[in-house]
Amino acid sequence: ARARSEFEVEDVKWISDEPPAASCQSLADEPEKRWKEVRVDMKIRHGPRIVQGILLLKEDGSTGNITLEKKDGGLAPGQYVVFYELGTDECLGAGVIS
């Protein structure tokens, strides 16, 4: 697979049922266009490597776009992305690469 730093994610689930407020920033004033930017550490696939990036959540928070700080060559639809609080091993949730 071609190395890339941006991809879409779907079926996002949060352990607390909502994106983490401390890491979250609303990008729109209008409630119907509530996009949220979340800075998180991520683990992609089953590998041991943690990467940093930004998750831009759409509308209801179940889908979004991810921008990694560094390109990854092994991204494929159906793989899981697990989200962690920055600099910790606290799991916040996960989503599926679409």
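Contact, as used in these legends, means heavy atoms within 4.5 Å. The model is a predicted one, in which local features need pLDDT of at least 70 and side-chain atom pairs count only at pLDDT 80 or more, while totals for chains, interfaces and linings use all residues. Residues are numbered from 1 along each chain as its sequence is written, and side-chain values use heavy atoms, with hydrogens and water left out.

View 1. Strands are DSSP runs of E with at least two residues, numbered from the N terminus. D72 counts as buried because its relative accessibility is 6%, buried being under 20% relative accessible area, exposed over 50% and partly exposed in between, with a 1.4 Å probe and protein chains only. When residues up to four places away in sequence are not counted, D72 touches R2, A3, R4, I44, R45 and R49. The D72 side chain also reaches the backbone nitrogen of G74 at 2.7 Å.

**View 2. T67, also in strand β5 (residues 63-72).** With 36% relative accessibility, T67 counts as partly exposed. Residues up to four places away in sequence aside, T67 touches S5, E6, G53 and I54. R39 lies 28 residues from T67 in sequence, and their C-alpha atoms are 9.8 Å apart in space.

**View 3. The largest nonpolar core, with 18 residues.** Such a core is a set of buried Ala, Val, Leu, Ile, Met, Phe, Trp, Tyr and Cys residues joined through side-chain atoms within 4.5 Å. Those with the most contacts inside it are F7, M42, I44, L55, I66, V81 and F83. Two or more residues come from each of β1 (4-14), β3 (36-44), β4 (50-58), β5, β6 (80-84) and β7 (91-97). Beyond its neighbours within four places in sequence, V81 is in contact with residues including F7, M42, I44 and I66.

Note on methods
Helices (H or I, at least four residues) and strands (E, at least two) are DSSP runs, numbered from the N terminus. A polar contact is a pair of N or O atoms within 3.5 Å; within protein, one must be able to donate a hydrogen and the other to accept it, and residues adjacent in sequence count only if both atoms are side-chain atoms.
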